[in-house]
Amino acid sequence: MSPGYGSTAHPESPELARLRERIEQTDREIVDLVKRRVDLALEAGRLKRLIGAPVFDPEREREVEHLVLDYAVQSGLDESHMRLVVRGLIALARSSQEREP
């Protein structure tokens with residue numbers, strides 16, 4: 001069993017252990033991508049301040065949500081679940097921008 005997410009009450013097969021490790025690696029990659037997205041949003045927030053633009057841009061947030069959901073649906077993912085994900089990403093980016101001095 002891989003050490004990242006806890007234990008199970010029954011033994012796991014080597015194949016299941018490999019799959020779980022790949023899932024855990026994918027989760028780490030997702031976190032890295034989210035961090036990269038936040039860093040880019042921080043750069044955008046700095047630029048917005050420099051040019052006098054508001055940090056909060058609801059029109060752009062709707063556009064981003066629409067673009068991501070279109071891509072998610074084309075990729076075979078459930079739109080309602082992905083809506084939660086993209087809204088979370090947008091909220092994280094906005095709050096990160098707003099916290100910056």
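Q: How many residues does α1 have, and what does it reach from its first C-alpha to its last?
A: In this predicted model, α1 has 38 residues and reaches 56 Å from first to last C-alpha, close to the 56 Å expected at 1.5 Å a residue. The expected span is 1.5 Å times one less than the number of residues. Helices are DSSP runs (H or I, at least four residues), numbered from the N terminus.

Q: What are the ground rules?
A: Residues are numbered from 1 along each chain as its sequence is written, and side-chain values use heavy atoms, without hydrogens and water. Local features need pLDDT of at least 70 and side-chain atom pairs count only at pLDDT 80 or more, while totals for chains, interfaces and linings use all residues.

Q: Which residues of α1 are buried?
A: They are Glu24, Val38, Ala41, Leu42 and Gly45. Buried means under 20% relative accessible area (1.4 Å probe, protein chains only), exposed over 50%, and partly exposed in between.

Q: What covers them?
A: The cover includes α3 (79-99).

Q: And Ile51, buried or exposed?
A: Ile51, in helix α1 (residues 14-51), is exposed because its relative accessible area is 62%.

Q: What comes just after α1?
A: Gly52 follows, with a positive phi of about 80°.

Q: Moving to the other end, where is Glu12 found?
A: Glu12 lies in the segment before α1. Its relative accessible area is 18%, so Glu12 is buried.

Q: Which side chain does the side chain of Glu12 make a polar contact with?
A: The partner is the side chain of Arg20, at 2.4 Å.

Conventions. Helices (H or I, at least four residues) and strands (E, at least two) are DSSP runs, numbered from the N terminus. A polar contact is a pair of N or O atoms within 3.5 Å; within protein, one must be able to donate a hydrogen and the other to accept it, and residues adjacent in sequence count only if both atoms are side-chain atoms. Contact means heavy atoms within 4.5 Å.
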